[in-house]
Amino acid sequence: MPQYAFFRKHFVPLSEAKIGLMTNFIHYGTGAFEGIRGNWNEDKKQIYLFRLKEHFERLLNGCKVLKIELPYSVDDLCRQTVEMVARSGFKENVYIRPVAYKSTEAMGVRLHNLEADYFSFVMPWGRYLDTDKCRVGVSSWRRPGSNFASPQSKITGAYINSAFAKTEAHDNGFDEAIVLNEYGRVAEGSGENIFLVIDGKLVTPGIYENILTGITRNSVIEIAKKELGIETIERPIERTELYVAKESFFTGTAAHIAPIAEVDHRLVGDGEIGPITRELQALYFDIIVGKNSKYMNWCTPVY
Ligand SMILES: Cc1ncc(COP(=O)(O)O)c(C=O)c1O
């Protein structure tokens, strides 16, 4: 069975979905994208797409920023995605990459006088950070401010900064980077939001710190409050707080909830996965595979 893409308004085998070399978005990063996970539940023989609607709401916000008008509503995009995954027939964890982009085959860096289009594909994808506990380093690269490339949107061109940070971390022997913002305060990982545990509460940078307001971040804030009675404080975080927090972890669609064991060669707590992180992980991993009846509204079944 072929792996499917949605391309130029049709479902086609992924291998047949190709774009021309001159397509504007390849050169200038004029695309908005999403990353969505579909999580396989073996007992129910089902894939659940996690918070599908919220991902497409964010995509359409990114389109507004990029002056892209798609002929699809959030509901249309959700329906197409379910159909594409169902056609592909996967029985494992998958990742969906929708992209809205400037599709005109023309040179010239701009947003105006360009056609736009939308594609999406699905692929099997397991772990993103290949470790149970991350060793991380603070990056020399900064999270762009809100007059650079709209930190609230997933704009393809802006991800060069995440690529710099990720590879710097890798080359320095770390699993992931923590990126500071223009004010020198903690923003996020290269592709994840960050939480610290301080005085038994969760602390995470607010939207004004130039973070991407992650859907996993939002889910964790809600789960912590409803299930564990733990409040999240959104506030500026200084670099030193990374070193002295009792626990810390990343959140993201790709990374899930990823414990941080070490920052800049200093152990976080005792360097083991902390109790609050563990409880959140247990809840979250049940919720995303449709095993927690209270959160089924976050899970869209494919089959
Ligand atoms: C820079 C950045 N921050 C945070 C996140 C986490 O966002 P989400 O939980 O919506 O995947 C991502 C991933 O999309 C990201 O690319």
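Ala, Val, Leu, Ile, Met, Phe, Trp, Tyr, Cys and Pro count as nonpolar here, Asp, Glu, Lys and Arg as charged, and the others, Gly among them, as polar. With that sorting in hand, the lining of the largest pocket has nine nonpolar, 12 polar and nine charged residues.

A quick word on what you're looking at. This is a predicted model, where local features need pLDDT of at least 70, side-chain atom pairs count only at pLDDT 80 or more, and totals for chains, interfaces and linings use all residues. Residues are numbered from 1 along each chain as its sequence is written, and side-chain values use heavy atoms, with hydrogens and water left out.

**Pockets and cavities**

Rolling a probe the size of a water molecule over the atoms shows where empty space is left. Here that is done on a 1 Å grid over the protein atoms alone: a cavity is a set of points where a 1.4 Å probe fits but cannot get out, while a pocket is an open set with protein on both sides within 12 Å along at least five of seven lines. Lining residues have an atom within 4 Å of a point. Grid points are joined across faces, edges and corners, and a volume is the space filled by probe spheres set on the points.

Here are the volumes side by side.

| Space | Volume |
|---|---|
| Largest pocket | about 510 Å³ |
| Second largest pocket | about 310 Å³ |
| Largest cavity | about 70 Å³ |
| Second largest cavity | about 60 Å³ |

Start with the largest pocket. Its lining comes to 30 residues, and F33, K154, Y159, S190 and G191 are the ones nearest its centre. At least two lining residues come from each of α2 (52-65), β6 (94-102), α4, α5 (215-228) and β14 (247-252). Those labels are DSSP runs numbered from the N terminus, with helices being H or I and at least four residues, and strands being E and at least two.

The second largest pocket has 20 residues in its lining, with R127, A255, H256, I257 and F285 nearest its centre. Two or more of the lining residues come from each of β4 (36-41), β15 (256-263) and α7 (275-288), and β15 gives the most, with four. By class, this lining divides into 11 nonpolar, six polar and three charged residues.

Now for the closed spaces. The count comes to four cavities of 30 Å³ or more. R143, P144, A158, N161, S162, A165, V179, E188, G189 and S190 line the largest cavity. Both α4 (160-171) and β10 (186-189) supply at least two residues of that lining, and α4 gives the most, with three. Four of the lining residues are nonpolar, four polar and two charged.

Around the second largest cavity you'll find R143, P144, F148, A149, S150, P151, S153, A158 and Y159. Six of these are nonpolar, two polar and one charged.

**The ligand and Y159**

Which residues come nearest to the ligand? Out of 16 residues around it, they are K154, Y159, I215, T216 and T253; being around it means having a heavy atom within 4 Å. Some side chains also make polar contacts, meaning pairs of N or O atoms within 3.5 Å. In Y159, a side-chain N or O atom is 2.5 Å from an oxygen atom of the ligand. For T216 the distance from a polar side-chain atom to a ligand oxygen is 2.6 Å, and for R58 a side-chain N or O atom sits 2.8 Å from a ligand oxygen.

Y159 itself lies in the loop between β8 (134-142) and α4. Its relative accessible area is 23%, so Y159 is partly exposed; buried means under 20%, exposed over 50%, and partly exposed in between, using a 1.4 Å probe and protein chains only.

Helix α3 (residues 74-88) has 15 residues and reaches 21 Å from its first C-alpha to its last, close to the 21 Å expected, a span of 1.5 Å times one less than its number of residues. Its buried residues are V74, L77, C78, Q80, T81, V82, M84, V85 and S88. Next comes G89, with a positive phi near 70°.

N113 has one of about 55° and is in the loop between β6 and β7 (116-124). D199 also has a phi of about 55°, in the loop between β11 (193-198) and β12 (201-204). Are they buried or exposed? N113 counts as exposed because its relative accessibility is 67%, and D199 counts as exposed at 75%.

Conventions:
A polar contact is a pair of N or O atoms within 3.5 Å; within protein, one must be able to donate a hydrogen and the other to accept it, and residues adjacent in sequence count only if both atoms are side-chain atoms.
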